[in-house]
Amino acid sequence: MSDELNELENLTHQYRRSLAEYERRTGREGRTIDADGNGEERQQIARMDADLSAIEHRMQDALTAKAAAEKRAADLEARLAEPVYRAKPTAQNVEDRDSTEYAQRWLKAVASGNPAEMRALTTGSSNAGIPTDMERRIVERMFQSNVMRQIATVSTIDSKRTIPVQNALPTTALVSEAGPISASDPSWSSAISVQPWKLATRVTMSQEFIEDAIGDAGIGSGLQYVADKCALSIALKQEEYYTVGVGSTEPQGIAVDIGTTGAISQGVNLGSGAALTAAVSDDIIDAVHAVAPQYRASPRFRWLVSDTFLKHVRKMKDTTGYYVYSPAGAVPQTNVVGLPGTIYGVPYSVGQYVPTATSDNNVYAVVGDFSYFEIFDRTGITSMIDPYSGAANHNVNLYVYTRTDSHIMLPEAFAAIYS
C-alpha cells in the first residue's frame, strides 16, 4: 500500500505542475487543457489520468484484500478457540441446549425418570437445565403475565448481595476565587440485603403426552404447552410477592403495608380503617406531589393501582366537575372509554394483587419512579423430574423453579394512598 501512496503523491505533483505550466503559457484555466492544449499537453494529461485511475483501482483492490485477510484471520481464531469451548459438550452449553436433539433427550429423561440420563444433562450438582427455547418461552410468558416485571428494573445477580442506600448527597457550596472547598462525603442510612427466594411450580404430564411430544412433529407444541403452564403459574406468584411481599421471609412488595421496614412512608392517609372509596380527587393530586419533582420527571413515573381503585378513580370529579381520569385518544375530561389513559396526567398499570380490602395500613395505590423498585433474578429456569409420585397413574411430575427477590430501593421516590 505504501508504494501506491508514494506513486500517487508523485503523479499528483506532476499533474499539478503540468496544469500550472499550461496556465502560465496560455493564461487559461487548467480545466481547458483537454480542449485547447497542444497535442503533447493533451497526451500527457490523458496518460496521467489513466495512471491515476490505475493506482486507485490497485489501492481499492489492496483494501479489499486486506479486509478479506482480516476476516479470514478472525474466522481462523474463532475456529481455533471453538474446540476449547465445545470440548465434551454438556447440557449447559448454549449450542447443545439450543438443539432439537437436546430437547428430545430432555423429554426422554422426563419420560424415563432414569437418574443416569438426568445426570447426563447436568454439568454439576444442580438439576438439568431445560431446553433453551422452552426457557425463553417461559421467560416471555412470565413477562407478559407479570405487570411488575414490565415496569420495574430487573437485574441478574450471581450471589446474595448487600446494597448500601445513600440518604444524603455531598454538600455543594458557592466559593470565591481560590477559596477553600470543604470536603463533604455522602452518607449511607442503611443497606438492602438481597436474598433470592426460590419459587417452584409443578406440571403433571401423562406418559402418553410425553411419548407423543418426543416425535419431531410434536416436540414444539409439547414444550409450548409445558412452558405456558409453568410460566403462568410462576408469573402470578412472582407478581403477588412483588406487590405485597413482606420482605423479611419473602421478596418485598411495592405495596407492602405502611409501617413495614423499608416500605413507602409518604403519601395520603385516608384514615384508620378507611375504604379505598374514601379517596377523593384532591388525594390523587396530593399523592403525586408528595413525590419530589426529580422523580416525577422520570419516564418510569407512573401509578400502580387495582382494577377496583381504577374504577373508583374513573368516577372521580374535581370541584369544578371535571373528571380526574383522562382516557387516551379521547377528548380530555370527558367520560368516554379509552384505555389506557392517565390519572392526573400520569400513566398507570393495573396490578391484580394491589390490596382492595378495607384494613389499617393497606396500600390502595402507589405512584412513583419505578426504576427504584428492583427485581433481582438469581438463576434461570431449572427443572427436576419426579417419575415416581404419579407412577400409579402413569404420570410424571415436572418441577420448574427459579430464584428471585425484589426491594424498594428508594422509598422517597414513591408515595401511596393508604388507610
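Me: Does phenylalanine 414 count as buried or exposed?

Reply: This is a predicted model, in which local features need pLDDT of at least 70, side-chain atom pairs count only at pLDDT 80 or more, and totals for chains, interfaces and linings use all residues. Residues are numbered from 1 along each chain as its sequence is written, and side-chain values use heavy atoms, with hydrogens and water left out. A relative accessible area under 20% means buried, over 50% exposed, and in between partly exposed (1.4 Å probe, protein chains only). The relative accessibility of phenylalanine 414 is 0%, so this residue counts as buried.

Me: How many aromatic pairs does the structure hold?

Reply: Rings of Phe, Tyr and Trp (its six-membered ring) pair if their centres lie within 6.5 Å, and planes under 30 degrees apart count as stacked, over 60 as edge-to-face and the rest as tilted. By this rule, the number of aromatic pairs in the structure is 3.

Me: Why is the pair of tyrosine 295 and tyrosine 372 given the class it has, and which class is that?

Reply: Tyrosine 295 is in helix H12 (residues 293-296) and tyrosine 372 in the loop between strand S10 (363-369) and strand S11 (373-377), 77 residues apart; helices (H or I, at least four residues) and strands (E, at least two) are DSSP runs, numbered from the N terminus. Tyrosine 295 is buried at 12% relative accessible area, whereas tyrosine 372 is partly exposed at 31%. The ring centres are 5.6 Å apart and the planes are at 85°, so the pair is edge-to-face.

Me: How many residues apart in sequence are the parts that phenylalanine 370 and phenylalanine 414 tie together?

Reply: These two residues form an edge-to-face aromatic pair, with 5.3 Å from centre to centre and 80° between the planes. Phenylalanine 370 counts as buried, at 0% relative accessibility. Because phenylalanine 370 lies in the loop between S10 and S11 and phenylalanine 414 in strand S14 (residues 414-418), the separation in sequence is 44 residues.

Me: Over the ring of which residue does the charged end of lysine 198 sit?

Reply: A charge sits over a ring if NZ of Lys or CZ of Arg is within 6 Å of the ring centre and within 35 degrees of the ring normal. The charged end of lysine 198 is 5.0 Å from the centre of a ring that belongs to tyrosine 401.

Me: Which residues touch the most other members of the largest nonpolar core?

Reply: A nonpolar core is a set of buried Ala, Val, Leu, Ile, Met, Phe, Trp, Tyr and Cys residues joined through side-chain atoms within 4.5 Å. In the largest one, with 49 residues, the members that touch the most others are Ile254, Trp303, Phe309, Phe373 and Ile417.

Me: What is the phi of alanine 178?

Reply: Most residues other than glycine have a negative phi, and most peptide bonds are trans. Alanine 178 is in the loop between strand S2 (161-168) and strand S3 (187-194), and at 82% relative accessibility it counts as exposed. Its phi is positive, although the residue is not glycine, with a value near 65°.
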